[in-house]
Amino acid sequence: MTTAAGLPPGPVTTPLQMFRVMFDPDTALLRMVRRYGDPLTDRSAGKPLVFSCTPEGAKQILTADPDTFAVPDPEFLTPILGEHSVLFLVGERHRSERKLINPHFHGDRMRAYGDTVREVAERHIAAWRVGETWSALDQMQSISLEVIIRTIFGVERARVPEFRAAVIEWVTSFSPLIVFFRGLRRDFLGHGPWARLQRARVAIDRMLDEEIASRRRVVSRDGTLGNDILSRLMAARYEDGSAMSDAQLRDELLTLLFAGHETTAISLAWVLYYLLSDPALYARVRAEVDALGSQPTAEAIVQLPLLSAVCNETLRLHPVVPILPPRRLQRPFHFMGYELPPDVMVSIGTLRLHKREDLYPKPYAFIADRFLNRTYSPFEYMPFGGGVRRCIGASFALYEMKIVLAMIVRSTQLSLATDKPVRDQRRNAVLGPSHNLKLLLSSRRSVAG
Ligand code: HEM
């Protein structure tokens, strides 16, 4: 195979092009691929980003030797999440950090979190009032935020509101303007988005420090280790026997919150939208959930085939992260017929890959059954990314989504309270449904045992 020198073709960066990529990536990606082919180069974020929307391109990136890549873009999110975040580690440090965090998101640990997810979901659902209209995204965020505060930070229920307020301030002060326009990362005499974000981070750090200190006091007093992820990370040891420092713990907790809270809530809101838009599908999902009886276990819920297919199809159409976090080359890389030089970024356009007609006939239609009739390779379907950086919380997110959905479907009669089109909207680093996704609780129901 011959290898071309230089970078693949791509659009010239103009403010309009940047705007399109930021706010309507689906159309922008489609236009770019049609015009320039695949792979292509996008320069809208500064450094050239070469990406592909094909399974072959995905395979080449996800199976490459991990040492091909350097810290992706240290300036992008480091000032926000902190230098210790697993998102910014590469090579051996990345491997050992994942080894420490990963076990707390799998197997038996998931079962322990299942009860909390269920309790949080049931309490939120019970607070909805019949005849009342609310934003699906706000409600799902409220649930997923409490799940993280309880299961990951291990905060007692009584302190949840205080943590919730601090976290919401931190998350909402994280404006897309700061993400994309780095010139705004300055303090304008205590004003501006950057100053607000810094204040929010200081407040959250203080609360996390208190949690870490109180956990230490409990362990030294009676040797008890909590069930939450913070306690387990405090007890975990790297291969050289060392423990995480307080700064590392804080950065990782905020990374888990940042990566896990909004992504799960957005996906849940989209599932509700598709279920409520298709009464026949809703009825099938409800029948599947009801068949588990009045006291379904979390284990039984997460294995339901149609519920799982509905979640998978939602994540296909709305992968939340439209282009995988770029990988920066630290050595030359043969990619799709090109010899790419160091310092170039490479990535996969998941949003477009998931809408390839050869893989997904009628790509814009919501067809959950496609996931019952066929399995997709990790290079064809990747809402959670892949390779050594695959999402740490993938099982956690799907576990939580299915339990929350089952609780909603079995105990409520909901309907869409809007006939306006719901579209993808930029929400800082990810995409989510526009705010007019409103739901109405028509009545409550119960399932006989
Ligand atoms: C539906 C919900 C979620 C979606 C769609 C999602 C998606 C993703 C994607 C696309 C990546 C990048 C993977 C790559 O670069 O190949 C990622 C990374 C990550 N996610 Fe998730 N995620 C979700 C929920 C969660 C949850 C619940 C957590 C933890 C509580 C979490 C923690 C992480 C972490 C720590 C990383 C960085 C992994 C690394 O760089 O090694 N995510 N996620």
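The following conversation goes through a predicted model of a protein and sets its computed values against their definitions.

Trainee: How are residues counted here, and what limits apply to the model?

Mentor: Residues are numbered from 1 along each chain as its sequence is written. The model is predicted, and local features need pLDDT of at least 70, side-chain atom pairs count only at pLDDT 80 or more, while totals for chains, interfaces and linings use all residues.

Trainee: What makes up the secondary structure of the protein?

Mentor: The protein has 18 helices and 12 strands, where helices (H or I, at least four residues) and strands (E, at least two) are DSSP runs, numbered from the N terminus.

Trainee: How do you know whether the radius of gyration of the protein agrees with that of a compact globule?

Mentor: The radius of gyration is taken over C-alpha atoms, and the globule rule is 2.2 Å times the number of residues to the power 0.38. For 449 residues a compact globule would have a radius near 22 Å, and the protein has 22 Å, so the two agree. Along its principal axes the C-alpha trace spans about 65 × 55 × 45 Å.

Trainee: What makes the backbone at V320, K362 and P39 worth a look?

Mentor: Most residues other than glycine have a negative phi, and most peptide bonds are trans. V320, in the loop between α15 (305-317) and β5 (327-329), has a phi near 65°, a positive value in a residue other than glycine. K362, in the loop between α16 (350-353) and α17 (370-373), likewise has a positive phi, near 50°. The peptide bond from D38 to P39 is cis, with omega near 5°, and P39 is found in the loop between α2 (25-36) and β1 (40-42).

Trainee: Is A368 buried or exposed, and which residues does A368 touch?

Mentor: A368 is in the loop between α16 and α17 and is buried, because 24 other C-beta atoms lie within 10 Å. Two residues are in contact if their C-beta atoms, placed from the backbone, lie within 7 Å; not counting residues up to four places away in sequence, A368 touches L281, L306, A309, V310 and E313. A368 and C311 are 57 residues apart in sequence, yet 8.1 Å apart in space, C-alpha to C-alpha. For the protein, residues 24 or more positions apart account for 71% of the contacts with a separation of 6 or more.

Trainee: How do you know that β4 and β12 pair, and what is the order of their sheet?

Mentor: Two strands pair if DSSP finds at least two bridges between them. Antiparallel β9 and β12 are joined by 5 bridges, with S415 opposite L440 in β12. The 3 strands form an open, antiparallel sheet in the order β4-β12-β9. What makes β4 (133-135) and β9 (412-416) edge strands is that each pairs on one side only.

Trainee: What is the order of the 5-strand sheet, and how do β2 and β8 pair?

Mentor: The open sheet of 5 strands has the order β1-β2-β8-β5-β3, with mixed pairing, and its edge strands are β1 and β3 (69-70). Strand β2 (residues 49-52) and strand β8 (residues 345-348) pair in the parallel sense over 4 bridges, with L49 opposite M345 in β8.

Technical notes:
A residue is buried if 20 or more other C-beta atoms lie within 10 Å of its own, exposed if 12 or fewer, and partly exposed in between; C-beta atoms are placed from the backbone.
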